[in-house]
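Hi,

Here is the structure I said I would pass on. Have a look at it first, and then read on for my notes.

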Amino acid sequence: MDKNQATGLILISVMLFGYWMFFKPDLPAPEETATNTELVMPSDSTVVEAQNTPALPDSLLDAELVNKFGVFAAGAKGESTKKTVENETVKITFDSKGGKVSEVILKTFNSKDGNPVRLITPESNEFKTIVTSFGKTIDLNQLYYRLGTSTSGDSTIISYSLDLGEGKSVKHVYSIPSAGYEVGYKLQFKGLESSITKEEVLFQWNDHMITQESDVNMSRQNSTVNYYTTSGEFEELSERSTSYEEEVISESIKWTTIKQRFFLSAIIANKSFTKGKISTNVDPNNPEVVKYAEVTLSLPLSDLNKGQGNYRFYFGPNDYHITSEVTEEFSKNLFLGWPPMLWVNKYVLIPLFDVLNDILDNYGLIIIIIVLIIKLVLSPLSYKSYLSMAKMKVLKPELDEIKEKHGSDMAKAQSEQMKLYQQVGVNPISGCIPMLFQMPILLSMFYFFPQSIELRGESFLWATDLSSYDSILTLPFEIPFYGSHVSLFVLLMTISTIMITYSQQQVSTVQGPMKSISYFMPVIFMFVLNSYPAALSFYYFIANLVTFGQQALIRRFVDEDKIRRILDENKKNAGSRKKSKFQQRLEDAMKAQNKNKK
């Protein structure tokens with residue numbers, strides 16, 4: 001080595017040493033790079049992100065990127081370009097930065113502003129795929145990829161590839177069919193077995209759920225994160241919670257859904273995710289965001305290395321007919337109540353609604369017809385209930401006489417009453433049994449109408465949207481438990497319910513405070529249903545009108561004098577008539593009660 005070469009080498013060394021001192025990267029301390037087996041998402045400060053615009057000479061920048069990104073340095077710089085693919089129902093935009101879904105638009109549904117629903121946007125949504133390589137935590141969705149497009153049958157294939165050199169690569173592959181809401185997704189690692197030093201690859205999905213409906217409160221009460229395990233358990237975070245909710249899932253997961261009231265964003269594994277963590281939170285001061293959801297899932301590294309990292313996204317409506325075809329128990333994202341309400345909705349109301357929907361395009365008329373059909377089917381029970389009340393009314397003078405005779409001796413009075421029931425052949429609770437059979441149908445409506453996406457945006461009479469409340473008046477103040485608006489269908493339902501209650505009281509033997517309490521129930525429901533969908537209160541209003549008509553018709557065929565003669569005849573023949581099992585059990589219970597008192 002001559003003098004000039006030595007001098008040049010020294011100058012270069014001084015320059016490199018000076019650069020290192022003034023521009024060296026901030027390396028994490030040893031304790032910060034330690035790894036563990038907990039499913040913990042690294043903080044933003046520890047996740048290395050790619051750079052858009054290099055500020056250093058290429059040679060020095062490359063050295064810095066290698067230091068930061070290690071084997072993934074080839075994807076650390078580049079340009080973000082968008083690619084949009086659409087089919088009959090969805091329009092999806094992909095980004096070469098991250099090789100990820102950037103935006104999803106549902107073409108056949110409109111949001112509250114009248115524009116197509118934007119389910120995923122770059123501003124509201126974030127995907128992260130986190131790997132650990134020799135102490136460096138890399139977000140693969142911050143790297144830059146090369147786009148490739150092709151077709152397979154009627155599907156469009158979008159692939160984003162990152163060649164890392166030496167036979168190493170990362171690839172994101174999406175398959176978009178010509179119709180439907182599912183998007184196939186494959187994450188594939190090649191030659192990275194020795195480069196990824198932590199067996200856990202984390203997929204994180206953060207979503208500020210964009211408000212799509214005019215009633216943000218109802219939307220918040222029906223939005224959450226659901227998941228389904230490989231052992232067959234469907235679980236969810238509390239929908240109605242307005243505070244931070246979190247759950248760590250230690251068992252393998254088949255699918256996870258970020259659920260809004262009418263729309264779903266989900267990821268489904270062909271095999272499974274090994275574990276996960278989910279959370280939701282609410283900012284009550286931000287009406288543009290329903291809830292903030294965070295999903296973190298652990299992807300099996302062995303599947304990704306073997307080319308078996310196969311998944312699917314679902315971006316679409318929470319429609320029972322569609323979700324039931326997606327994957328195992330995916331239709332549970334649409335909560336239709338607990339049995340027996342679930343059975344009524346699943347096997348009665350939904351099929352009936354579908355048949356009528358194929359014939360009519362007016363949902364108000366469909367609701368009226370559903371009421372008429374259900375009331376017709378239940379009319380024998382209604383008749384039996386009314387007949388039982390009529391019998392009790394005929395017996396009322398004798399029941400009052402027994403109460404007056406025995407005064408404060410309630411046990412003796414009850415015993416005499418049961419003896420009278422036995423003699424005349426009347427079951428005192430027979431009027432309640434028909435009502436019990438009707439209750440599952442009445443309650444099932446609480447789940448059916450608020451969840452029916454078919455009603456979304458459909459108008460009838462003064463209601464502009466049957467899936468929301470029908471406001472005819474906005475109050476300048478808010479009434480506790482009621483709200484700041486007045487729903488006309490709820491008022492009509494309340495008035496009609498009070499009328500029916502009054503009509504029933506004419507043939508009822510109920511006296512005292514209980515008689516007054518029955519009038520409070522319609523008022524309570526007026527407060528409860530004021531913010532519920534107009535379709536629900538309209539259904540109950542029509543049902544009340546039909547019930548009122550039924551009672552008027554039944555009353556024409558119920559002859560109380562004839563009932564009196566039948567009861568008297570039964571009383572004469574009481575000795576020869578065998579007691580029913582119910583009467584015998586009731587009589588035995590009364591005897592046991594009297595014995596204990598003595």
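Where is the place of Phe134? Phe134 is in the loop between strand 6 (125–133) and strand 7 (136–139). Before I say more about that residue, please keep in mind that this is a predicted model.

**Two residues with a positive phi**

Glu166 is another case, with a positive phi near 60 degrees in a residue other than glycine. You will find Glu166 in the loop between strand 9 (155–165) and strand 10 (168–176). Glu166 reaches 78% relative accessibility, and therefore counts as exposed.

**A hairpin**

Next, turn to strand 4 (residues 100–110) and strand 5 (residues 116–120). These two run antiparallel and are joined by 4 bridges. If you want a spot to start from, Ile105 stands opposite Arg118 in strand 5. The hairpin has 5 residues between its strands, and Gly114 takes a positive phi near 90 degrees there.

**Salt bridges**

How many salt bridges does a search of the whole structure find? The search finds 11. Here are some of them.

One is between Arg312 and Glu182, whose closest N and O atoms are 2.7 Å apart. Arg312 belongs to strand 20 (residues 310–317) and Glu182 to strand 11 (residues 182–190), so this pair ties together parts that are 130 residues apart in sequence. Arg312 is partly exposed, at 22% relative accessibility. Glu182 is partly exposed as well, with a relative accessible area of 24%.

Another one joins the side chains of Glu213 and Arg456, at 2.9 Å from N to O. This pair links distant parts of the chain, 243 residues apart. Glu213 sits in the loop between strand 12 (200–210) and helix 4 (216–220). Arg456 is in the loop between helix 10 (432–451) and strand 21 (471–479). Are these two residues buried or exposed? Glu213 is buried, and Arg456 is buried too.

Then there is the salt bridge in which the side chains of Glu329 and Lys332 meet, with 3.7 Å from N to O. Glu329 has a relative accessibility of 34% and so counts as partly exposed. Lys332, at 37%, is also partly exposed.

Finally for this part, have a look at Lys198, Glu200 and Lys275, which are linked in a network of salt bridges.

**A cis peptide bond**

Which residues does a cis peptide bond join? They are Pro339 and Pro340, and omega is about 5 degrees. Pro340 is placed in the loop between helix 6 (320–323) and helix 7 (341–359).

The C-alpha atoms of Met439 and Pro340 are separated by 9.8 Å, and the two residues are 99 residues apart along the chain. Met439 is found in helix 10. With a relative accessibility of 33%, Met439 counts as partly exposed.

Which residues form the negative one? That patch is formed by Glu233, Glu235, Glu236 and Glu251. Glu236 lies in strand 14 (residues 234–236). Its relative accessible area is 40%, so Glu236 is partly exposed.

The other patch is nonpolar and covers about 540 Å². Ile517, Phe520, Met521, Ile524, Phe525 and Val528 make it up. Phe520, one of these residues, lies in helix 12 (residues 513–529). Phe520 is exposed, with a relative accessible area of 53%.

That is my tour for now. Write back if you want to go over any of it together.

Best wishes

Key:
Residues are numbered from 1 along each chain as its sequence is written. This is a predicted model: local features need pLDDT of at least 70, side-chain atom pairs count only at pLDDT 80 or more; totals for chains, interfaces and linings use all residues. Side-chain values use heavy atoms; hydrogens and water are left out. Patches are made of residues with over 30% relative accessible area and no salt bridge: like charges are joined within 9 Å, nonpolar side chains (Val, Leu, Ile, Met, Phe, Trp, Tyr) within 5 Å. Accessible areas come from the Shrake-Rupley method with a 1.4 Å probe; for residues, only the protein chains shown count as cover. A salt bridge is a side-chain nitrogen of Lys or Arg within 4 Å of a carboxyl oxygen of Asp or Glu. Lys and Arg count as positive and Asp and Glu as negative; His and the chain ends are not counted. The place of a charge is taken as NZ of Lys, CZ of Arg, CG of Asp or CD of Glu. Buried means under 20% relative accessible area, exposed over 50%, partly exposed in between (1.4 Å probe, protein chains only). Two strands pair if DSSP finds at least two bridges between them.
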